[in-house]
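I'm opening my notebook on a new structure today. I'll jot down what I look up, one topic at a time.

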Amino acid sequence: MKRTARTAVAVVAIAGLALSLAACSTPAAQEPSGPLTVWVMGDSGANFEKLVAGSGIKVDVVAIPWDSIDAKLTTAVASGKGPDIVQIGLSKLRTFADAGALLPLDDLLVDHPGLATSNFPAGIAGTATSVGGKIVSVPWTSDTRVLFTRTDILAANGIKSPPATWKDLRADAKILAGRGKGQYGYYIPQWDAPLPIEMTWSNGGEVIDSKGNVNFDSKAFQSAVDTYTGLYADGSVPTNSDFDQQQGFVSGVAPMLVSGPYLGKGVTTAAPELAGKWQASPLPSGDGGSVSLFAGSNLGIWFNTDKKQQSLKLLEYVDQPKQQLAWYTMTGELPTASAALADSTLNSDPNVKVYTDQLKTAKVLPLVSNWDGAVGTALLNALNSIVLTGADRKTALEGFFTATKTLTVK
Amino acid sequence: MRNRLTPYLFVSPALLLLVAFGIFPILVAAVISTTNMNISAFASWNNVKFIGIDNYTKLFADTTFWQALGNTGTFALFGVPAIVLLSLGVALLLNRSQSRFFTSLRAFYFIPAITAIVAISLVWGYLYNTQFGLLNYLLSLVGIDQVQWLSDPLLAKFSVALVAVWRGTGLNIIIFLAALQGVPKEYLEAASLDGAGEWKKTFTIIIPLLRFAIFFVVVTTTISWLQFFDEPFVLTDGGPLGATTSASIFLYKQGFRLNQFGYASAGSIVLFAIIAVITLIQLRLRRADDEY
């Protein structure tokens with residue numbers, strides 16, 4: 001009897017010890033308390049605090065201006081003192097990952113079904129945005145490019161519907177530019193590096209070859225250059241670099257342009273009286289259909305954070321379709337969760353329906369290290385030198401091909 | 001022995017600061033310029049490799065680097081005389097009276113020098129704007145077409161340099177005004193007695209006596225033009241088509257946008273060498289007329 005009791009005590013003691021050990025080994029219990037530092041891009045800092053207020057997780061949000069992200073990243077990685085969670089524009093993802101700033105998430109996502117790759121469109125989650133075979137971020141907001149038109153001005157000039165192809169767009173733009181001096185048909189932002197790539201994709205081309213190297217030397221790209229330079233040759237686009245796209249659209253000076261949902265939001269806020277006089281429609285197509293850009297941003301966890309589990313918990317919280325829709329209401333940034341993108345209330349706005357439909361076929365820019373700085377700038381310099389200073393097309397493009405052909409996604 | 005060491009003891013604090021913040025960074029940059037260091041170095045130092053003078057050969061074959069150097073040369077060539085002559089002229093005029101109006105004008109000319117560059121870029125950006133800018137509005141009143149102040153590659157150089165001249169004169173005017181206080185009244189009075197007019201006095205007495213101030217302003221202004229950065233950075237970001245990309249902007253973009261730290265270091269060493277050579281030449285020329 002006595003012996004049994006002793007055994008029982010031992011068993012209980014061992015069980016208790018094991019339990020308390022197990023409790024200790026749960027990482028959450030070991031992580032230091034205190035707020036998570038979150039780097040949010042642009043001016044959405046206050047909104048992010050509002051969004052996560054319901055999660056019970058304390059956050060310390062730092063708003064980082066888009067312009068200074070490179071400098072911020074460099075100093076943070078070099079000093080080892082970064083945030084816990086960072087928002088990464090998709091075009092910067094590769095740079096962040098190359099710097100070793102992001103924690104590989106492959107093994108961690110298993111315990112967080114809310115972040116599973118299957119919750120998001122195939123084009124942006126999991127392997128589609130992994131770098132070096134490792135998943136380093138989860139989708140957060142999405143953004144795409146569609147065609148915006150002032151339907152009232154188009155109708156007044158005998159154009160019944162927004163152009164559906166790039167060819168129609170060029171013809172319509174010429175008609176609209178003929179309205180008089182200082183009037184244009186279309187607007188090409190001189191800083192919009194993805195535009196020629198969207199044109200190339202829509203022409204059925206690719207900018208990365210089968211070996212993973214950057215390669216623009218294709219028929220589809222040449223045809224995109226035709227459209228780009230043609231719009232300038234027709235006098236359909238303004239040539240000054242300080243042209244304001246929203247102002248140009250609202251005033252009707254440039255009644256057509258390809259832009260993102262932020263333009264729609266901007267016009268609605270700045271010129272509510274224009275309601276019903278403008279609309280979003282799918283990006284014009286070429287031979288390859290209407291293929292637009294999947295921009296937007298992901299969230300990643302900083303490589304040396306000591307609050308891994310809390311960070312994952314926060315990511316899972318904000319990536320719920322419900323929270324992503326709340327974020328859309330606050331900021332106008334579209335969700336990434338498939339369930340949220342299919343939400344009927346969201347899609348009741350016809351313009352938003354255009355965005356979400358466009359996102360279904362949209363593609364992410366190739367994850368080449370420093371795409372913006374290296375490829376984007378060289379592409380714009382080549383095209384703009386042709387249209388603005390009359391540089392020889394062949395020489396300019398050859399120079400661009402040579403400068404970028406050594407770059408690779410691998 | 002002890003006496004001989006004393007002067008070194010006195011200069012050592014200044015010397016240590018110079019070594020720590022002047023010479024040491026240059027040596028580090030020189031070492032980095034021989035590597036392929038980029039942002040992946042932060043992930044693992046194994047990604048940094050010694051590549052000898054490859055960065056330099058690549059740099060000298062880079063047309064954008066030559067364009068940036070050319071732009072910097074153009075800026076310095078026109079900017080240095082513009083700033084020196086303008087600030088000297090204004091200082092001579094301001095020095096003609098000590099009345100309250102003139103002293104308030106001094107403050108007025110100094111305002112651009114102490115205004116934040118961001119505010120300056122906003123205001124000048126609006127002035128220069130093609131569609132809504134004040135300049136184009138005024139021109140339209142007299143029937144002149146829209147001028148693309150910041151979009152035309154040639155004109156953008158001028159527009160950006162104009163802001164830098166406007167901003168750079170203030171401090172130099174103060175330097176010249178201070179130097180003008182040092183011109184002995186006796187010389188001017190003696191010249192007046194001998195029948196010298198205002199022009200004669202200015203050109204034969206005042207300006208020669210300002211020699212050292214002019215030399216100082218020329219050297220510092222040259223260096224600041226060779227390091228020209230703020231105005232094109234905030235107004236045009238080096239555009240259109242690289243027309244306002246100075247050497248410093250080129251380095252900034254290579255280093256902090258493209259994260260090519262090795263390449264940017266090579267460029268900065270080249271720029272450092274250019275500035276050092278030009279400044280040495282200026283100092284040598286100065287020595288030649290020391291006996292004036």
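Entry 1: I started with strand E4 (residues 138-144) of chain A, which pairs with strand E8 (residues 294-301) of chain A in the antiparallel sense, over six bridges. I keep in mind that this is a predicted model. For one spot along the pair, I noted that A:Val138 stands opposite A:Leu299 in E8(A).

Next I looked up what packs on the sheet here. Helix H15 (residues 350-361) of chain A does, and it touches E4, E8 and E9 of chain A. I wrote down its angle too: the direction of H15 makes about 115° with that of E4(A).

Then I stepped back to the sheet. It is open, has six strands in the order E2-E1-E3-E8-E4-E9 (chain A), and its pairing is mixed. Which strands sit at the edges? I found strand E2 (59-64) and strand E9 (334-335) of chain A there, each pairing on one side only.

**Entry 2: domains of chain A.** I checked the domain assignment: domain 1 of chain A covers 5-144 + 294-364, and domain 2 covers 146-291 + 368-404. Their centres, taken over C-alpha atoms, are 33 Å apart.

How many residues of each domain are in contact with the other? I got 17 from domain 1 of chain A and 20 from domain 2 of chain A. On the domain 1 side, helix H5 (93-98), E4 and H15 of chain A each supply at least two residues. H15(A) has the largest share of that side, six residues. By class, I listed five nonpolar, seven polar and five charged residues for the domain 1 side.

**Entry 3: where the chains meet.** I looked at the contact between the chains, which takes 20 residues from chain B and 22 residues from chain A. On the chain B side, helix H2 (40-43) and helix H13 (247-257) of chain B each give at least two residues. H2(B) gives the most, with three residues. I sorted the chain B side into nine nonpolar, 10 polar and one charged.

**Entry 4: confidence.** Chain A has a mean pLDDT of 88, with 93% of its residues at 70 or more. Which elements of chain A have the lowest and highest mean pLDDT? Helix H1 (residues 2-25) is lowest at 47, and strand E5 (residues 146-149) is highest at 97. Over residues 7-28 of chain A, pLDDT stays under 50, and the model has five contacts beyond four places in sequence for them.

Note on methods
Residues numbered from 1 in each chain as written. Chains lettered and ligands numbered in written order. Predicted model: local features only at pLDDT ≥ 70, side-chain atom pairs only at ≥ 80, totals over all residues. Pairing = 2+ DSSP bridges. Helix = DSSP H or I, 4+ residues; strand = E, 2+ residues; numbered from the N terminus. Contact = placed C-beta atoms within 7 Å. Axes fitted to C-alpha atoms, helices over the stretch in contact; angles between N-to-C directions. Domains from an automatic or database assignment. Nonpolar A, V, L, I, M, F, W, Y, C, P; charged D, E, K, R; others polar. pLDDT = per-residue confidence, 0-100.
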